[in-house]
Amino acid sequence: MLAYSLGLAWLLLAPFSLWVLVRGRNLARIGALATLALLEGGTVMLNAAHKTDQGPAVVAHDVIPQAPSACAERMPVPATASVRNGLTLSWPAAPDECDTAKVVLRHNGHRLRVWVHEGPLQGTHSGVQTLPVHVASGSATLHVPLDLHPKTHYQPIDGRSGHRIPRS
């Protein structure tokens, strides 16, 4: 009820006090300033009392729980690569292999430089694709769609070491 009374006082007294500040005499201007200061003070005190009554501002049902990351951050080195209908990379799977990997591709002529990273990626990188990793019989594979010229023979190269990735 106090909040409604304060709101009604703002609606009635604030415009009148502003009018008195512009058009009124000196004593009336002092009264208008005092009225506005009291209204503002009452609003601040009511807001502080209202916040202490409510408790925390976070609503539990609005927070989506995040599952803890079960995979370790690592940079797998592709053991084999195949450039047919995209780029397919494979490497020996780890026991805690991630479900997804981040891939960055850069091509220069016939060379495809490839960086693969599992887990959270530090910094900002352009052209990062997050793709699913498939694990079967101890081998992890990843398929990267390519939008390059299909008749050109590309040589996949590990971006970190600069070594060629053998074809499968």
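How many residues lie between β3 and β4 in their hairpin? The views below come from a predicted model.

**View 1. The β3–β4 hairpin has two residues between its strands.** Strand β3 spans residues 100–108. Strand β4 covers residues 111–117. The two run antiparallel and are joined by seven bridges. Asparagine 108 has arginine 111, in β4, as its bridge partner. Glycine 109 sits in the turn, where its phi is positive, at about 70°.

**View 2. Strand β4 also pairs with strand β7.** Here the strands run parallel. Four bridges link β4 to β7, which comprises residues 155–158. Arginine 113 stands opposite isoleucine 157 of β7.

**View 3. Serine 90 is a buried residue of strand β2.** The strand runs over residues 87–92. Serine 90 counts as buried because its relative accessible area is 14%, and the cut-off is under 20%. Its side chain makes a polar contact with the side chain of threonine 80, at 2.3 Å. Beyond neighbours within four places in sequence, serine 90 is in contact with Pro78, Ala79 and Thr80, and also with Ser139, Ala140 and Thr141.

**View 4. Four leucines form a nonpolar patch on the surface.** The members are Leu8, Leu11, Leu12 and Leu13. Together they have about 420 Å² of accessible area. Leucine 13 belongs to helix α1, residues 2–23. Is leucine 13 buried or partly exposed? With a relative accessible area of 37%, leucine 13 is partly exposed, because that class lies between the under 20% and over 50% limits.

Notes:
Residues numbered from 1 in each chain as written. Predicted model: local features only at pLDDT ≥ 70, side-chain atom pairs only at ≥ 80, totals over all residues. Heavy atoms only, no water. Pairing = 2+ DSSP bridges. Patch = residues over 30% accessible without salt bridge, like charges linked within 9 Å, V, L, I, M, F, W, Y side chains within 5 Å. Areas by Shrake-Rupley, 256 points an atom, 1.4 Å probe, with all protein chains shown as cover. Salt bridge = Lys/Arg side-chain N within 4 Å of Asp/Glu carboxyl O. Buried < 20%, exposed > 50% of the residue type's maximum accessible area, 1.4 Å probe, protein only. Polar contact = N/O pair within 3.5 Å; in protein donor to acceptor, adjacent residues only side chain to side chain. Contact = heavy atoms within 4.5 Å.
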